[in-house]
Amino acid sequence: MNPLFVQTVSLRFRLTLALLLAFLLIVLDHRLSVMQPTRMFLNSLVSPVQYLAVVPEQIFDRVSDTLQSRRTLRAENERLSLSMLEMQGQMQRFQFLVQENERLRNLLATEAREDSLRMVTEVIAVDSDAFSHQVVVNKGTAHGVYIGQPVLDERGIVGQVTSVGLTTARVLLLSDQSHAVPTRSERSGIRVVVQGVGDTNQLELMHVPHSTELREGDLLLSSGLGGVFPEGYPVARIQRIIRDESLPFARVTATPVAALDRIRMLLLIWEPDGEFQPVYRPLQRALENLRRNGQNASEEATELLRDEEPDATEQEDAL
Amino acid sequence: MTSASSLTQRLVICATLIIGLVLAMMPMSVGVAVWRPDWPLLILIYWIIALPHRISIGIAFLLGVAVDILLGSTFGIHAGAYALVAYTAARHYQRVRNFSLLHQALLVMVLVLVERSLVYIIEYYLHNAPLMYRYFWPALSSALVWPWLFLILRKIRRRFQMV
C-alpha cells in the first residue's frame, strides 16, 4: 500500500528546480553552444525512435511497390531507360567539356577542380519543429557526415547539416529563417545573398539595390564564397522584383530550385581533399580495398617490369 | 507488489511514453500533421493523474528533453514547458480524477495550449519565430483524442495492476 502523506520534496521545489535547469539548458545551448558534443550523443541515443517512426511508412511503401501492376512497372522501366539514354548522351558531352575545362584551366595556370564525393541518403523525419525548417536523414558520423556539410537533391541545393548523431543527421533547409546562401546570378554574375523566410517555396534576396541588373526568372547559382557550399550548384530562381523607391532596397523574392516540400532522397557532398571523408558501408569498403589491393599488386608488377628495362621508360619520358 | 512486477510496470510506462514520442515523430502529409495531437504530453498527463507519486516533474523534464532532441529545438524549451504542465497536473490530480471525461478533455486542451504558448514565447525570444495559428490547432485534436487515450491507458494500467 502506498503511504498517503509522504511527500519527500515539495512539488513547488521540484518545479523551481526543473525550470531553473531548463533555463540553464536554454542559455547553454543557445548562447554558448557548448552542447554540441552532448547533442551528438543524445541524437544517437534517440535515433531508434526516429527509425521506429518511419517503419509504418516504409512498410506501406513496400506493399504499394509489390502491388504495382506489371504494366506500370514496364512503363516506368521504359521511361527510366529512355531518360538514362538521354543522360548518357549528355554525359558524353559533359566528359568532353570537363576535359576541355581542365585543359583551359591548365593553360590559365589555375587550380584544376576535383570531383566531389557523394553519398545518397534518405529523409526519415520532416519538419518536426514548427518553428524551423529541418529534416533528419539516415546517415551520421558513422558515415563521415560532419556539421556544415552541404546537402543537395537532384535539382539543387537543399541545405546544410547542423547536427549529427551516430546514424542520423539534422539538415537545416534553405528556407529556414536563420539560413542564408551566397549566390551568383547565372546570367549577369551579380552576387547576392539568398535568405530563407520560413516558407518552403519562397526565399528573399538581401540588400539588392533598385538599379540592379537582376531580372525575373534569373537562375542563382551558389558562389562558393561562404565556404560551406561548393560553387556552381543551382539554388533559386528569381520570382518577383518589387522596386518600391520608398524602401532602401528592392524587394526580390525567389523560389528554391530544389523541391523543399517533398524531399525524399538527398545527396551529401564531401570536398575531395577536405578534412572529412565519407565512410562507405563495410561491404562496399571491403570491395573497394580488394579492388585497390588488386590494382596495387598489378601496379607493383608493372613497376617490377619497368625496373627490368629502365631504358625503355626513359626513352618514353624523353619522347 | 513484488519487485519484478514493479519493474514490468516501469517498463510499461516507459513503453507508452516512447510510443508517444514515435507517434509525435511519425512522418505524415502536411495537411494531417498540423492536426497531430501532442501525444507525449497527453500520455504524460495521464500517468501524472493516475500515479502522481511515481510520475511527476522529473519524468516530465526528461521527456521534454527527449522531445527537444527529437524536434531539434533548443535544449530546455520543451523540458521547461512540460515541467510546468506536469506541476499543474500533479498539484490538482485529485480534482482532475473526479472530472468527467469531457471536463478532462477541456482541461487537457487548456494544458496543451499553455505548453504550446510557452514554447512559442521562448522561440519568439530566441529566434524571432513568426506567430502561426496552426501551431495551436493540436490543442483541439488533443482534446478530441483524450477520452479514447484515457480509456486505453486505463485499461493498460488495470491490466498491469498499477495503483
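Buried, in these notes, means under 20% relative accessible area. I keep that cut-off at hand because S56(B), the residue I opened with, comes out at 4% and so counts as buried. One caution before going on: this is a predicted model.

**Entry 1: S56(B)**

I looked up where S56(B) sits, and found it in the loop between helix 3 and helix 4 of chain B. Then I asked myself which residues S56(B) is in contact with, once its neighbours within four places in sequence are left aside. The list has L11(A), R14(A) and A90(B). I noted that L11(A) and R14(A) belong to chain A, while A90(B) belongs to chain B. I also checked S56(B) against A89(B): their C-alpha atoms are 8.8 Å apart, and the two are 33 residues apart along the chain.

**Entry 2: where chain B meets chain A**

Next I looked up the whole contact. How many residues does each chain bring to it? I wrote down 37 residues from chain B and 34 residues from chain A.

The size of an interface is often given as the accessible area lost when the parts come together. For chain B and chain A I have about 3,400 Å² of buried area, and carbon and sulfur atoms give 73% of it. On the chain B side, P27(B), I69(B) and F75(B) lose the most area to chain A, and together they make up 20% of what that side buries.

I then went through the polar side of the interface. Salt bridges between chain B and chain A: the count is zero. Polar contacts do turn up, with eight residue pairs found across the interface.

Which helices of chain B each supply at least two residues to the side that touches chain A? I noted helix 1 (3-25), helix 4 (57-71), helix 5 (77-91) and helix 7 (101-127). Helix 5 of chain B gives the largest share, seven residues. Sorted by kind, the residues on this side of chain B are 27 nonpolar, eight polar and two charged.

**Entry 3: the cores**

I looked for nonpolar cores next. The largest has 65 residues, and L44(B), W47(B), I57(B) and W146(B) have the most contacts inside it. Helix 3 of chain B, residues 39-50, gives the most to this core: eleven residues.

What does W47(B) touch, not counting residues up to four places away in sequence? I found I13(B), T16(B), L17(B), P52(B), I55(B), L153(B), R157(B) and M162(B).

Another core lies apart from the largest one, with 39 residues, among them V164(A), V235(A), A250(A) and L268(A).

**Entry 4: chain A overall**

I stepped back to chain A as a whole. Its secondary structure comes to six helices and twelve strands. Chain A has 319 residues, and 33% of them count as buried. I also looked at contacts in chain A with a separation of 6 or more: residues 24 or more positions apart account for 58% of them.

**Entry 5: salt bridges**

Over all chains the count is six salt bridges.

R184(A) pairs with E231(A), the closest N and O atoms being 3.5 Å apart. R184(A) is in strand 6 (residues 180-185), E231(A) is in the loop between strand 9 (219-222) and strand 10 (234-242), and the two are 47 residues apart. Buried or exposed? R184(A), at 25% relative accessibility, is partly exposed, and E231(A), at 41%, is partly exposed too.

R187(A) and D218(A) meet at 3.0 Å, N to O. R187(A) is in the loop between strand 6 and strand 7 (191-199), and D218(A) is in the loop between strand 8 (202-208) and strand 9, 31 residues apart. R187(A) is partly exposed at 40%, whereas D218(A) is buried at 5%.

In chain B, D38(B) forms a salt bridge with R116(B), with 3.5 Å between the closest N and O atoms. Why do I say that this pair ties together separate parts of the sequence? Because D38(B) lies in the loop between helix 2 (30-33) and helix 3, R116(B) lies in helix 7, and these parts are 78 residues apart in sequence. D38(B) is buried at 7%, and R116(B) is buried at 12%.

How values were computed: Residues numbered from 1 in each chain as written. Chains lettered and ligands numbered in written order. Predicted model: local features only at pLDDT ≥ 70, side-chain atom pairs only at ≥ 80, totals over all residues. Heavy atoms only, no water. Contact = heavy atoms within 4.5 Å. Buried area = accessible area lost by both parts, 1.4 Å probe. Salt bridge = Lys/Arg side-chain N within 4 Å of Asp/Glu carboxyl O. Polar contact = N/O pair within 3.5 Å; in protein donor to acceptor, adjacent residues only side chain to side chain. Helix = DSSP H or I, 4+ residues; strand = E, 2+ residues; numbered from the N terminus. Nonpolar A, V, L, I, M, F, W, Y, C, P; charged D, E, K, R; others polar. Core = buried A, V, L, I, M, F, W, Y, C linked by side-chain atoms within 4.5 Å. Buried < 20%, exposed > 50% of the residue type's maximum accessible area, 1.4 Å probe, protein only.
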